[in-house]
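Colleague: I'm new to this one and would like to learn how to read it. Could you walk me through it?

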Amino acid sequence: MSKQKYRTLKKEDNFNRIVAENEERIKRICGYYNSNEHDQKDMCQEVLINIWKSLDNFRGDSAMSTWIYRIAVNTALTYTGKAYKHMKLMVNADTQNLSSVYADEGFEAKQLQEKNLETLQNELNMLSVIDKALISLMLEGLTMREIADVIGITEPNVKVKIHRIKTQLQAKLKGGKNETK
């Protein structure tokens with residue numbers, strides 16, 4: 001077996017392992033940035049292509065998961081093209097870490113939960129592109145350090161930005177509740 005063929009097989013095995021370990025994570029990221037199932041699948045394919053192309057360049061400076069997130073977020077942003085500012089961030093009620101955006105207290109009733117979720121999604125979609133990326137990574141459960149590595153800003157900057165976003169969202173959501181009374 002030639003050296004080149006061996007490297008290709010090794011790369012393919014490594015790629016298959018990475019995909020198996022991160023497939024759901026990649027799908028969720030793509031789902032945050034596009035509500036159309038067909039577009040999500042296309043975006044996932046683009047992420048996989050970009051992982052394959054970049055695999056030889058992974059130096060291990062960060063965790064593999066951080067590197068995957070960086071590729072997935074950058075691909076999602078690129079895929080959505082020039083519509084960055086109008087890009088929608090899709091949030092579902094079953095998103096694991098949704099409580100990290102919304103107040104820690106539980107929802108009073110199912111109807112209120114649905115209304116708040118709709119309001120939250122509307123508010124999230126009015127955020128800037130970088131704020132949407134920060135929130136999507138936070139929803140994925142990444143640490144502040146990991147988010148900083150993915151986005152390419154300092155950890156304190158991430159903490160400040162996320163704190164401001166959460167404060168802004170909570171104020172708007174609380175205001176929305178009061179308006180209905």
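Modeller: Happy to; let's start with the core. This is a predicted model, and its largest nonpolar core holds 41 residues. Ile29, Tyr33, Ile51, Val73, Leu137 and Ile147 touch the most other members.

Colleague: Which helices supply at least two residues of this core?

Modeller: Helix H1 (3–33), H2, helix H3 (64–79), H4, helix H5 (129–139), helix H6 (144–151) and helix H7 (155–179) each do. H3 gives the most, with nine residues.

Colleague: Why would such side chains sit together?

Modeller: In soluble globular proteins, nonpolar side chains tend to be buried together. In this protein, buried residues make up 37% of the 181 residues.

Colleague: How many helices and strands does the protein have?

Modeller: You'll find seven helices and zero strands, so reading along the sequence gives α-α-α-α-α-α-α. Now look at contacts with a separation of 6 or more: residues 24 or more positions apart account for 69% of them.

Colleague: What about aromatic rings? How many pairs are there?

Modeller: For a pair, look at the distance between ring centres and the angle between the planes. The count here comes to two aromatic pairs. Phe15 and Trp52 are 5.2 Å apart centre to centre, with 90° between the planes, which is edge-to-face. That pair links distant parts of the chain, as Phe15 sits in helix H1 and Trp52 in helix H2, 37 residues apart.

Colleague: Are Phe15 and Trp52 buried or partly exposed?

Modeller: Check each against the 20% cut-off for buried. Phe15 has a relative accessible area of 14%, so Phe15 is buried. Trp52 is at 30%, so Trp52 counts as partly exposed.

Colleague: Why is the pair of Phe58 and Trp67 called tilted?

Modeller: Their planes meet at 50°, so the pair is tilted, and the ring centres are 4.9 Å apart. The angle lies between the stacked limit of 30 degrees and the edge-to-face limit of 60. Phe58 is partly exposed at 25% relative accessible area, while Trp67 is buried at 10%.

Colleague: Back to Trp52: which residue lies over the face of its ring?

Modeller: That's Lys11, at 4.3 Å from the ring centre.

Colleague: Last one: how should I read the confidence?

Modeller: Look at the average, then at each element. The protein averages a pLDDT of 78, and 74% of the residues score at least 70.

Terms used. Residues are numbered from 1 along each chain as its sequence is written. This is a predicted model: local features need pLDDT of at least 70, side-chain atom pairs count only at pLDDT 80 or more; totals for chains, interfaces and linings use all residues. Side-chain values use heavy atoms; hydrogens and water are left out. pLDDT is the predictor's confidence in each residue, from 0 to 100. Helices (H or I, at least four residues) and strands (E, at least two) are DSSP runs, numbered from the N terminus. Buried means under 20% relative accessible area, exposed over 50%, partly exposed in between (1.4 Å probe, protein chains only). Contact means heavy atoms within 4.5 Å. A nonpolar core is a set of buried Ala, Val, Leu, Ile, Met, Phe, Trp, Tyr and Cys residues joined through side-chain atoms within 4.5 Å. Rings of Phe, Tyr and Trp (its six-membered ring) pair if their centres lie within 6.5 Å; planes under 30 degrees apart count as stacked, over 60 as edge-to-face and the rest as tilted. A charge sits over a ring if NZ of Lys or CZ of Arg is within 6 Å of the ring centre and within 35 degrees of the ring normal.
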